[in-house]
Amino acid sequence: MEKESKSRGCLGWFLAIVILALVVGAVVYTIKKKMDHSNDDKPAPVPGPPGAIDKKYADALQIAMQFFDVQKSGKLVDNKIVWRGDSGLKDGSEAKLDLSKGMYDAGDHMKFGFPLAFTATVLSWAILEYGDQMEAVNQLEPAQESLKWIMDYLINAHPSENVLFIQVGDPVADHKCWERPEDMTEKRPLTQVNTSVPGTEVAAETAAAMASASLVFKTADSTYSSTLLKHAKQLFNFADKYRGSYSENIPEVATYYNSTGYGDELLWAASWLYHATGDQSYLQYVTRENGKEFADWGSPTWFSWDNKLAGTQVLLSRLSFFGAKGASGNSGLENYKKSAEDVMCSLLPKSPSATSSRTDGGLIWVSEWNALQHPVASAFLAALYSDYMLTSQTPKLTCGDDSFKPSDIRKFAKSQADYVLGSNPLKMSFLVGYGDKYPKYVHHRGASIPADATTGCTDGFKWLDSTEPNPNVAIGALVGGPFLNETYIDSRNNSMQAEPTTYNSAVIVGLLSSLVTASSAVKAFT
């Protein structure tokens with residue numbers, strides 16, 4: 001009986017201790033949760049000037065920047081790519097214009113004005129936001145030089161207010177040849193938009209490029225900057241006054257760069273013109289009737305050469321973050337900022353509204369063709385947005401019932417960059433020249449043909465079909481990328497996955513520049 005009493009007493013004490021432990025644990029958990037929520041409401045410290053350099057991203061940026069040199073047309077100055085030479089020197093001659101500069105679009109020798117202008121706008125944006133980071137790793141000057149090479153071409157492609165040459169070369173004829181650009185002998189016809197054949201999206205995108213680039217060169221070369229701004233205003237007026245889709249009015253361009261609408265380009269261009277001029281009429285343009293018609297507020301979209309809405313939303317959100325003139329109480333601007341928040345919430349993997357468009361390895365994945373464009377562009381926007389939050393002392397982003405810190409958004413941006421650089425199931429870098437394992441059979445004419453080879457239009461196809469790796473490294477090329485199942489076929493004939501594009505270089509340069517080192521965002525571009 002006494003033993004039974006003792007065992008019952010021990011059991012009672014044991015239960016009491018367990019219950020007490022549970023109560024204490026619950027109290028501690030509750031206090032911790034409250035502290036965490038309290039900390040969520042405290043903004044993170046604002047970064048100072050560029051700090052410690054992250055070597056991985058610095059090395060990758062230095063490599064990525066070189067693909068612009070690979071793609072240059074014209075008489076090359078201080079050529080750093082040993083297997084490249086002068087090419088396209090007579091481009092534009094049929095219209096008595098010098099269109100020799102600019103850059104080739106991808107692995108071919110076409111100059112497509114629509115994606116090329118987008119390349120320039122994004123490169124300008126990257127320089128404006130992250131020029132200090134670029135300079136910290138000696139990449140600002142190469143970025144500015146590459147941008148100017150494109151802008152010199154675009155200036156010459158706009159010989160009068162309502163005329164813009166949007167293409168050099170015949171894509172059908174060009175794609176029937178496999179040769180080095182230095183050896184081209186085929187005719188290079190020109191395509192233009194004008195008042196009779198309008199092309200709002202390409203004219204507006206070129207206006208955006210001119211306006212953003214005018215900000216880049218404003219201090220270093222005020223005369224050049226003024227020239228760019230003059231062209232930007234003229235092109236925007238042309239695009240807005242003579243509205244019409246370039247891919248409807250010139251159906252043959254739709255095969256390669258079909259536009260799904262021009263409203264986004266009008267808003268994008270007006271947004272950049274507002275930043276370049278401070279003219280309130282451009283802000284009114286995007287926040288009033290045109291915003292209501294074209295902005296598609298509340299519906300997240302993918303940022304790309306075709307759709308600029310997400311970029312416009314993030315670009316305009318900086319006005320709200322940093323209290324620009326006319327921002328306070330502006331319901332239109334608030335709509336853009338809310339839409340930018342929706343974009344960020346869709347990107348964050350733990351958000352209740354997270355997109356399901358990703359691979360098992362975590363890469364945003366939208367399209368088989370050029371799959372890496374969307375994740376890299378999305379990550380660039382995410383990096384920008386996280387920096388706006390940090391610099392403006394905005395502690396959190398609310399997505400449904402959850403909240404996320406700027407560091408969470410930056411973590412997403414880094415995850416996409418890291419995937420590209422080799423943190424993926426293939427343990428392979430998709431940035432040519434970075435790491436120990438990267439594509440060797442890039443779909444690129446110049447890279448695939450030995451520099452001392454003599455080939456004509458068609459006999460060069462033996463190099464396309466060769467089983468040997470490319471004799472020349474297309475340094476810095478960001479290839480199309482993996483399929484949804486995270487496979488990649490390293491074949492020169494696989495243009496879906498193995499072809500790089502110049503506009504991919506702009507977004508990867510922007511993303512890598514943001515990650516080179518932590519730094520506060522620029523509160524104003526002027």
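Two strands count as paired here if DSSP finds at least two bridges between them, and the views below come from a predicted model.

**View 1. F112 faces Q167 across a strand pair.** F112 sits opposite Q167, a residue of β2. The strands behind this contact are β1 and β2 (residues 164-168), which run antiparallel and are joined over two bridges.

**View 2. Three strands make an open sheet.** Zoom out from F112 and the sheet reads β1-β2-β3, with antiparallel pairing. The edges belong to β1 (111-112) and β3 (190-193); each has a single partner strand, so one side of each has no neighbour in the sheet.

**View 3. The largest pocket takes up about 650 Å³.** That volume belongs to the largest pocket in the model. Its lining counts 27 residues, and Y256, Y257, W369, N370 and Y503 come closest to the centre. Three helices, α10 (254-257), α16 (373-391) and α20 (495-498), each bring at least two residues to this lining. The top contributor is α10, with three residues. By class, the lining of the largest pocket splits into twelve polar, ten nonpolar and five charged residues.

**View 4. The second largest pocket comes in at about 340 Å³.** This is the volume of the second largest pocket. Here 14 residues do the lining, with P349, K350, D408, K411 and F412 closest to the centre. Which helix gives the most to the lining of the second largest pocket? Helix α17 (residues 406-420) does, putting in six residues. The lining of this second largest pocket has five nonpolar residues, five polar ones and four charged ones.

How values were computed:
Residues numbered from 1 in each chain as written. Predicted model: local features only at pLDDT ≥ 70, side-chain atom pairs only at ≥ 80, totals over all residues. Heavy atoms only, no water. 1 Å grid on protein atoms, 1.4 Å probe; cavity = no way out; pocket = protein on both sides within 12 Å on 5 of 7 lines; lining within 4 Å. Points joined across faces, edges and corners; volume = space filled by probe spheres on them. Helix = DSSP H or I, 4+ residues; strand = E, 2+ residues; numbered from the N terminus. Nonpolar A, V, L, I, M, F, W, Y, C, P; charged D, E, K, R; others polar.
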